[in-house]
Amino acid sequence: MAARALAVVLVALCVARRSSAIGVNWGTQLSHPLPASTVVQLLQDNGFDKVKLFDAEDSILGALKGSGIQVMVGIPNDMLADLAGSGKAAENWVSKNISGHVRDGVDIRYVAVGNEPFLQTSNGTFLNTTFPAMQNIQAALAKAGLGDKVKVTVPMNANVYQSPTGKPSDGDFRTDIHGLMLTIVQFLASTGAPLVANVYPFISLYEDPNFPLDYAFFQGSSSPVVDGGVTYQNTFDANYDTLVAALRRNGFGNVSIVVGEVGWPTDGDANANLDYAQRFNQGLLTHIASGQGTPLRPGPVDAYLFSLIDEDQKSIQPGNFERHWGVFYYDGTPKYPLSLAGGNDTTLKPARDFRYLDKKWCVLKPSANLADQKVGDSVSYACGLADCTSLGYKTSCGGLDPKGNVSYAFNSYYQTMDQDDRACNFDGLATTTTVDPSAGTCRFIIEIDVGAAARSTRDVAGGVAAVLAVFVLSVF
């Protein structure tokens, strides 16, 4: 009896651990990414046992082999048309990106077909291709003998559902895509796959200056939402239950939900800072670890933090904060204490087994004249090819003086260009130094050494030069 009781306890502990397990999004839009093996070790060291990828990259999937980490593999939106129009293209994609990796020991659980394809800013581009692509990928998985192991889903932005009254219980799918959403949900129900939704309280705050700040967090709100006998103290629960209500209203109350992205950025906006990010993410993780769920769906919540590591090449069209969602900095250094299990251990472990470039920085020469037109032109050029989103009002580098702003821009470009001597000239305005120019909360980085082969083939995009030029020059 004692042995049986012990076994029951052990099983219960394992189930509890799985129910409170937390996943994380691993984005790769970095000029100098950490080695894939280093990132997998970072995931393991910190207890992440689920990861969501935005593309099927061989090096990353290979590094996940035998790791025990469950994987959701993404398909970019720009591939949907081809996959929707050709079952053979879907079969080829599954053969290349899923079948072999599963055989090799990568624990792939989901294929995410597209990412937020029904955003209104997409102007309907993917309305006719998303569902056919899902069908073709599902058929290809079944043909490969993986239909029961690997499920097809699609991550949706939270704006695909809404409530006309603001009360979660009145939730329904957006009217312009209502029929399409029901078709997709029916498909998910038939295959046993979850509906994946990305939930962003920060975006609600960013887009609405009147949004009550405390309602974005988990410590109670002075502006709760009362919905019948339920009082919602935070926007996460309210948003989640709006989706639950939408599913129930349309006869799909048993379809499971996965929160595909949820998090808080740390820079690039007045409300994107370390304190708020730690407050939100710890509140979320403690909430998830409690296992209490939400008022309309008690029980475990399945979620993926957004995101693992900062990405210096992400588009900043939504806002400068887009490059700062990571729980870790670009180099795998933890940003703040965080308990993934919601307990007392808040120590995150940093990345290991990688190399930085040399310990040197590029700065403005002390003798340089800020009134010189070449200074402004050089800053515009540097920030068009590198990341200057930490400069600005109430950002981590908002306290720099004008010369410090210029030096930050110069160094960002210099590091992006692998400390090439020619990248620290700027018409004779710049010089290198071995004295760290970091000041206060502003960190002048040293980039990761990604190797000579990668350096020789890297093509740094400069499409946002004009936007960044105006932004950076405004801080002088």
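**Briefing: a parallel open sheet and its helices**

V71 stands opposite I108 in β4, where strands are DSSP runs (E, at least two residues) and helices likewise (H or I, at least four), numbered from the N terminus. This is a predicted model, in which local features need pLDDT of at least 70 and side-chain atom pairs count only at pLDDT 80 or more, while totals for chains, interfaces and linings use all residues. Residues are numbered from 1 along each chain as its sequence is written, and side-chain values use heavy atoms, with hydrogens and water left out.

**Sheet**
- Nine strands make up an open sheet with parallel pairing, in the order β5-β4-β3-β2-β1-β13-β12-β9-β6, two strands being paired if DSSP finds at least two bridges between them.
- Because β5 (151–153) and β6 (155–157) stand at the edges with a single partner strand each, one side of each is left without a neighbour in the sheet.
- From one strand to the next, the twist averages 25°.
- Strand β3 (residues 70–75) runs parallel to strand β4 (residues 107–113), and six bridges join them.

**Helices across the sheet**
- Helix α5 (residues 87–103) lies across β3 and β4, at about 160° to β4; axes are lines fitted to C-alpha atoms, for helices over the stretch in contact (heavy atoms within 4.5 Å), and angles run from 0 to 180 degrees between N-to-C directions.
- Helix α9 (residues 235–249) lies across β9 (195–198) and β12 (257–262), running at about 145° to β12.

**Confidence**
- The protein chain has a mean pLDDT of 92, with 90% of its residues reaching 70 or more; pLDDT is the predictor's confidence in each residue, from 0 to 100.
- Over residues 1–20 pLDDT stays under 50, and the model has seven contacts beyond four places in sequence for them.
- Over residues 455–476 pLDDT also stays under 50, and the model has 44 such contacts for them.
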